[in-house]
Amino acid sequence: MLVSALFVILLATGISLYRAVMGPTAHDRVLAINVVNTKTVVIIVLIGFINRRPEVFMDIAIIYAVINFVSTLAFLRYLESRRVD
Amino acid sequence: MTLTELLAGALIFLGSFVFVGFPDFYSRVHPAGNGDTLGLPLVLLGLAIYEGFTHTSLKIVLVLIFLLLTGPVASHALARSAFLTRQQEEESNVD
């Protein structure tokens, strides 16, 4: 059951990556990368449950979720002003 | 757990198909936000029920709340940034 859920999310991630590669604008690519990263958080949790030690993978998932949010906002700041500050 | 995983799998799968298929950027923001805000937390909810009352399920609920908070905020920031950038380009074209 866990493995089938993992495969469904992996397939959806592959479909979403098409938009990240072929996106017409930069905002399309940022949106697709945000979607893929959010799915990756759940994939990390599912891999932890499949390996029967989820307590190790949960911390990685929390850190990955925070980095995903901050990096999306940083990319958007850069796209608005074309500056990094 | 099985029911939530099935529902979440259908939501995520349909959401990603619709996400790739829609023609416009603003219409693509909508299914992306939906799949992230309902489908993936349903998977986490099923895993929290599967685990029981432990520290791990507490952390799963923390990740769930964080995804529920940040997913709509990120979608809104994306749409706003796209709108502002397009407005700037149009103004520079006029000048």
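This is a predicted model: local features need pLDDT of at least 70, side-chain atom pairs count only at pLDDT 80 or more; totals for chains, interfaces and linings use all residues.

Reader: What about chain B, how does its pLDDT average out?

Author: The average for chain B is 83, and 93% of the residues score at least 70.

Reader: Which elements of chain B have the lowest and the highest mean pLDDT?

Author: Helix H1 (residues 2-21) of chain B is lowest, at 77. Helix H3 (residues 55-94) of chain B is highest, at 85.

Reader: New topic. How many residues does each chain put into the contact?

Author: Chain A gives 34 residues and chain B gives 35 residues. On chain A, helix H1 (2-22), helix H2 (26-50) and helix H3 (54-81) each supply two or more.

Reader: And by class, on that side of chain A?

Author: The side of chain A that touches chain B has 23 nonpolar, six polar and five charged residues.

Reader: Back to chain B. Where does H2(B) bend?

Author: At B:Asp36, by about 25°.

Reader: What comes just after H2(B)?

Author: B:Gly52, with a positive phi of about 95°.

Reader: Which residue other than glycine has a positive phi?

Author: A:Arg52, with phi near 65°. A:Arg52 is in the loop between H2 and H3 of chain A.

Reader: Is A:Arg52 buried or exposed, and why?

Author: A:Arg52 is exposed because 6 other C-beta atoms lie within 10 Å, and 12 or fewer counts as exposed.

Technical notes
Residues are numbered from 1 along each chain as its sequence is written. Chains are lettered from A and ligands numbered from 1 in the order in which they are written. Two residues are in contact if their C-beta atoms, placed from the backbone, lie within 7 Å. Helices (H or I, at least four residues) and strands (E, at least two) are DSSP runs, numbered from the N terminus. Ala, Val, Leu, Ile, Met, Phe, Trp, Tyr, Cys and Pro count as nonpolar, Asp, Glu, Lys and Arg as charged, and the others, Gly among them, as polar. The bend at a residue is the angle between axes fitted to the seven residues ending there and the seven starting there. pLDDT is the predictor's confidence in each residue, from 0 to 100. A residue is buried if 20 or more other C-beta atoms lie within 10 Å of its own, exposed if 12 or fewer, and partly exposed in between; C-beta atoms are placed from the backbone.
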